Amino acid sequence: MPRELPKAYDPTRIEDDWAEYWLREKLFDTHSASDEAQRGAFTMLLPPPNVTGRLHMGHMLNQTEMDILTRWHRMSGQLALWVPGTDHAGIATQMMVERQLVSEGTSRQELGREKFIERVWEWKQQYGDAILNQMKRLGVSVDWSREYFTMDEGLSCAVREAFVRLHEQGLIYRGAYIVNWCPRCQTAISDLEVVHEEHAGKLFEIRYPVVGAEGEFVTIATTRPETMLGDVAVAVNPNDLRYKSLHGKRLRLPLVGREIPIVLDDYANPEFGTGAVKVTPAHDPNDFAIGQRHNLPQISVMDDTARITGTGTEYDGLDRYEARTKILSALEAQGLLVAVKDHSYAVGLCDRCKTIVEPRLSLQWFVKIAPLAEKAIAAVEEGHIRFSPPQYAKTYFEWMRNIHDWCISRQLWWGHRIPAWHCSGCGEITVARETPEKCAHCGSVEIAQEKDVLDTWFSSGLLPMSVFGWPEQTPDLSAFYPTSLLVTGFDILFFWVARMIMLGTHFMFDVSMPDGSARTLKDAVPFREVYIHALVRDADRQKMSKTKGNVIDPIDIIGRFGTDAVRFTLAAMASPGTDIAFSEQRTEGYRAFANKIWNAARFLFLQIENAKAAGIATHTIDLAALTDAPIEARWIVSRLHHTATDLNTALSEYRFHEAANLVYQFFWGEFCDWYLESVKLRLRFDDGQSSSVSLDILVGVFEGALRLLSPFMPFITEELWHALYDGGPPAKSIALTRFPQGADYARDDAAERGFVLLQDLIGAVRELRKQAAVPEKEALPIFIHSESPETLSTVTANQDLLAKLARVAEVRVENAPLRGAHIRNLPAIDVSIEYERKIDFALERERLSKELERLTKEWDNSQRQLQNESFLAKAPAKVVEGLKTRAAELPGLLEKTQSALSAVEDR
Ligand SMILES: [Zn+2]
Ligand SMILES: [Zn+2]
């Protein structure tokens, strides 16, 4: 006996309760020792959101897709494990807490490293779970017992192990290199963390006097004149004839006074500028390379905050841009500033704080990447990892084949501190898993740990192993590695995806397979497939951004439409490789869909009540072997067969939009619009057996549809499923039942053909009635003609359906082709009605005149707008397009209305 449902569907009333129930019952927890796990599991890692994060639409899409897949695999009989967690997000979190300190009138430096880290942990305890709590509210079916944080003890231990092993293998080194330096964050940042922006700057041309040749100069051009304080040479191309006479000469560096050589280097391009290039190895990557080739010194002229330092000039202590202004006016005063030209070029900004990055020489830790990249390329080339959409494999290869050594050190305090200790006695470095007591080289106890921490991606790159206990060889690691799938955005393809592949294929060879055999590349990969999802844009396809003010907050939109409707919107719009233009109207539409499901359940439950009152109980019926049922029942079961088959295929290929549209079309277009309307005929419960079978089929189909819908709309389906089984559901949750398969439902081609014929016929009769303006309630006979006996018998056998759905009073079969005014020709059958319209001509004239007037006005308006240049320039493209389409329709409508009016004019 179903539980009575409230009249109105109210997502807020049901969603919180079910989300809490799933958590409380630990429904989605998994165990590696279970039989299911042994049979092969479906496993995924959640791309860990930053601990500073709040849920945005990108997460919402990512999590909707992952949850649909996890629920689908789980319902398909596999153990489905989705591991949640958060990333400590070095720079982002440190910035957040630093800002907090500033507002309290203190600073990180004032607090000191230890106290500061305590503060970050406090911050993490207090605010760090915000995004996970939002996920819990969304009811995502992750295994919360496995929730991790990248700074947890176990995961930190994996980070240390990975660093030490790479060091032992000679794959980690320390060296002075040019890095991207953020003077605000005061740390090195990776190439990927630098955003480039076109900048309208200046190109300054400066003269450097030739030593020993009064009045002779070499002119160089630069966009960063302050770096000249660190110049150690000027390079010219050996083939540049203009400078032949200067080979071997020296120049005097203005303002500093240092003598610097002219060096010959192919890097200097005779075609560009003056062909002479100043060389500042400590502040430019190309100059660094020239410096190496010519054995030049490296003179750093800026400190961590990009203030000039150590030059012995009056500019020491000035910020880089103050120094620039002063240096330029000094050069000008000495007549050495030849020209200032407008020059637009790309500047690099720190992705976090948008400060202009300063290329700068500094001592960093690096991973020698080539040996790792080689295996990571092979893993994809040999098909052990598949990208979807496949074009991302190409992007991956391009990047991996041009990869540079990975700078893994960051000058931050928040993060995994590098396990290396510097000895003040001998100057050597001791790298160790456990904190050493003395220097491994000279035995001195005067050792101090490296101040730098590791790049955040170093720890997240290890996650597919470390969340399962690596470096220990745990049962979890045996059961769940490699994971099945990674669902992620394009933006972290290199940051994260590539690094997981490199680190996984490097380290997992050492872990033998569950049966003790050696692991090969195929099983060393961190995941078998990568699905790259789209971006969520606003309804006008604009990228969401705070500055544009078009950011949609998923929590807000969920509050208005319910989680199920938002999930369904994202799924229905997620076609592979296409960005989603998220629209509230669509969400409103899917909220109406949920409402439709709710009302269908209410209708169904009412029928069960009525049956019970008539002494008829409902039974479970085998829909896989259905014979001898009314045509609409055999048709809907056959449709369910196809829907289930196609839906399983669509989900196995990540075609979420197709899957969502299939189930939507089935439920609304077929189940509600046709089947429910037809089945009403049968549910009279006064004739015993036949009503009972129809009801059993109805319940069976509805229950199957709920299970089909469940991965997309977990809340409403859980609510209705429990209501249907009130008091005794066959499982704790619909999420733990079986996902419908095609074979569960009898396919019946004849019933499908027959029902489609009836649908077409009903459609045609409805149109004819409308055209002839037959009053709604008046039943009419229809005349049919067909050459096919099967067609005729289908129609005559289902007169009750025609009567119910098209007010057909009687079906008259004509042997001769039909004649008369109201005929429709369908492929297999012709149909007509006879109806003499009784028209009030005066009224009709008035109606048509008004219509003509309205259309004429609309035509004039549209013409005015389409000829207005400034309107066309300003109006959104959508509006203009709509206007043009309508303008094209109007002449036809005008003509039809005019001739209709002429026809009644004289009557
Ligand atoms: Zn920064
Ligand atoms: Zn030592």
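Two exercises on a predicted model follow, each with a worked solution.

In this predicted model, local features need pLDDT of at least 70 and side-chain atom pairs count only at pLDDT 80 or more, while totals for chains, interfaces and linings use all residues. Residues are numbered from 1 along each chain as its sequence is written, chains are lettered from A and ligands numbered from 1 in the order in which they are written, and side-chain values use heavy atoms, with hydrogens and water left out.

**Exercise 1.** Find which protein donors the zinc ion (ligand 2) has, and state the geometry of the site.

**Solution.** Begin with the donors, which are N, O and S atoms within 2.8 Å of the metal (3.2 Å for Na, K and Ca): the SG atoms of Cys423, Cys426, Cys439 and Cys442 lie 2.2 to 2.4 Å from the zinc ion. Next, take the angles among the 4 donor atoms, which are 105 to 113°, and the site is tetrahedral, a term that requires four donors with all angles between 85 and 135 degrees. Finally, read the spacing of these donors along the chain, which is C-x2-C-x12-C-x2-C.

**Exercise 2.** Decide whether Ser786 is buried or exposed, and identify the polar contacts of its side chain.

**Solution.** First, Ser786 has 10% relative accessibility and counts as buried, because buried means under 20% relative accessible area, exposed over 50% and partly exposed in between (1.4 Å probe, protein chains only). Then look at the polar atoms of the Ser786 side chain: one lies 3.0 Å from the backbone nitrogen of Ser788, and the backbone oxygen of Ala828 lies 2.8 Å from a polar atom of this side chain. A polar contact is a pair of N or O atoms within 3.5 Å; within protein, one must be able to donate a hydrogen and the other to accept it, and residues adjacent in sequence count only if both atoms are side-chain atoms.

Methods. Tetrahedral: all angles 85-135°; square planar, octahedral: opposite > 155°, others 65-115°.
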